[in-house]
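I opened my notebook to jot down what I looked up, one item at a time. Here is the entry.

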Amino acid sequence: MANRSTIFTESQNCRGWKGPLEIIESNPPAKAGSLHHVTQVGVQAGLEYLQRRRLHHLPGQPYSAVDTNPLSVYVMQPIWNKIIKIVPLWIAPNLLTFSGFVMILVNYFLISFYDWDYTASGNPGRVPTWVWLFSAFTTFCAYALDSIDGKHARRTQSSSPLGELFDHGLDSWATSIFVLSFFSVCSRDNGKTGVSVYTMYMYLSIVLFNFMCSHWEKYNTGVLFLPWGYDLSQVLIAAYLLTGIVGVEVWQKPFLLGYYITDILVILLIGKCLNPWRTLLAHLRKTLKNDSLYEGLLPLVSPLLLFMLLTVWVVLSPGNILAKQPRLFLWMVGVTFSNVICKVIICQMSSTQPELLHWFLFPLALVVYAAISGLLGQAEEAVLGAFTALVTAAHVHYGICVGRQLSEHFNIYIFSLKKRVQE
C-alpha cells in the first residue's frame, strides 16, 4: 500500500482538522528489509484494528465542535490562551495530551493506595493531607493540558486525525478515572453519611453515557457538542482543596436544607451531564447525516447491552460483587465503556458504520451468566480480577495498535513533530 502525505487546513475547534486539501501519493512501497518495511511488518504482526476502508475514509470527515459552557468560554479559554504561549514549539500536541492522562492515572493510583475500598473519607487522617492537595494539583494540570493541546496543534500546524482520535480516545478513559477518584471524597455509605456503591455505579454510568451520547450526536449530526460536565472537573479541584485544607470532616455535616455537600456536587455533575435532544431536533429539521433509523441508532446498541449485562451482574450477584470489590468493578466498567466509545469515535470520524456487537460483550455475558447462576461460587472475585485484567490489557493493546496504524498511514510520529524517515 502506498504511503500518503495529507495536507490539512487548521480547525477552529479543539484538536480537530478541516479535512484534506490534497492527497499526494508521494512514496512508493517500502523495499523488503528496509526500516520502513520492518515498521510495516511490525504493525501487521499485531492486530490491524482499523480496516483499510476506515483508514482511507479517515481524512474525509471534517471536525466541528461547539462549546457553549460559560465557564469554558468566558473564564477558562482566556486562561488557556495565555498558558499556551509558554509551551515550546518543539513539543508535540499528543505529548501534552498523554502527559495529562498520566497525571490522572498517577492521582488515581495514589488515592487507591490509601483508599482502596472507598471508606477513607469516613475515617479522618487515613489519607494524608498532601494527597488531597496533590489531587487538586494533578486534576488542574490534566484539565489544562487537555484544553491546550488543540490550540498547540493549530499553533504548530500539526492537526491530524491521529491527534483527534488520541485526544478523544484518552478522554473517554479519563472521564471514568476522574469520577472514580472523586468517589474517595464522597466516601461509601457508612449508615450516616456517604454514597452507596450502587449509587456510585449509577453515577458513573450516567457520566459515561453522557460522553457516549456526545459522540453519538456527532456520528449523526457531524457536530460534537462538548458536554458541560467535563468542565465541571474544576469543581473536583475545589473539592480536593477543601478536603486538604479543612479535612474530610467537612463532608460529614449537612450543608444546606439537610443535604450534604457531596449530594449537591453530584446533583450538579449529573444535571450538567444531561444533553439536550439535539439529535431529535436534527431529525425533525432533516439535517441528520444518516437517513436510516437503524444506522443512526446502531452506535447505541453495544453500550446499552453492556450496561444491561453489568447491571444484571450488580443486581443478581450471589456474592454481592460490587460491595466487595467496588473499585475493581467500577474500573472495569470504565475500561469497557471506553473501548466501546473509541470504536464509535473512529466510525464517526471515518463516516463508516459501526459493528453491531462489540466483542467485549461475549466474554462478559459468559462471566455474568456463570456468576449469577452460582457456577463461580467463591471464585467470583477472582474471575472479576481476571476479566478486569483482560479488558484493561485489551484496551491498552487496542490503543497502541491503532496509534501505530495511524502513525504509519499518515507518515507521522505520535509524540514528535518530525515526519517519519522513509527508505
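I'm working from a predicted model here.

Next I wanted to know what E355 pairs with. I found K343: the two form a salt bridge, with the closest N and O atoms 3.5 Å apart. This pair links distant parts of the chain, 12 residues apart. K343 sits in helix 15, residues 326-350, while E355 is in the loop between helix 15 and helix 16 (361-372). Then I checked the cover on K343. It counts as buried because its relative accessible area is 17%, and buried means under 20%.

A reminder to myself: side chains of opposite charge can pair when their charged atoms come close.

How many salt bridges does the structure hold? I noted two. Besides the K343 and E355 pair, I looked up R126 and D117, whose side chains meet at 3.3 Å, N to O. R126 is partly exposed at 35% relative accessible area. D117 is partly exposed too, with 27%.

Then I turned to backbone angles. Most residues other than glycine have a negative phi, so I jotted down the exceptions I came across.

Y118 is one of them: its phi is positive, about 60°, and it is not a glycine. I located Y118 in the loop between helix 4 (93-114) and helix 5 (129-155). Is Y118 buried or exposed? I wrote down buried, because its relative accessible area is 0%.

N320 is another entry, with a positive phi near 55° in a residue other than glycine. N320 belongs to the loop between helix 13 and helix 14, the latter being 321-324. Its relative accessible area is 31%, so I filed N320 as partly exposed.

Last, I looked at the surface. Which residues form a nonpolar patch there? I listed Y294, L305, M308, L356, L357, W359 and F362. Together they have about 690 Å² of accessible area.

L305 lies in helix 13, which covers residues 301-316. With a relative accessible area of 31%, L305 is partly exposed.

Notes:
Residues are numbered from 1 along each chain as its sequence is written. This is a predicted model: local features need pLDDT of at least 70, side-chain atom pairs count only at pLDDT 80 or more; totals for chains, interfaces and linings use all residues. Side-chain values use heavy atoms; hydrogens and water are left out. Patches are made of residues with over 30% relative accessible area and no salt bridge: like charges are joined within 9 Å, nonpolar side chains (Val, Leu, Ile, Met, Phe, Trp, Tyr) within 5 Å. Accessible areas come from the Shrake-Rupley method with a 1.4 Å probe; for residues, only the protein chains shown count as cover. A salt bridge is a side-chain nitrogen of Lys or Arg within 4 Å of a carboxyl oxygen of Asp or Glu. Helices (H or I, at least four residues) and strands (E, at least two) are DSSP runs, numbered from the N terminus. Buried means under 20% relative accessible area, exposed over 50%, partly exposed in between (1.4 Å probe, protein chains only).
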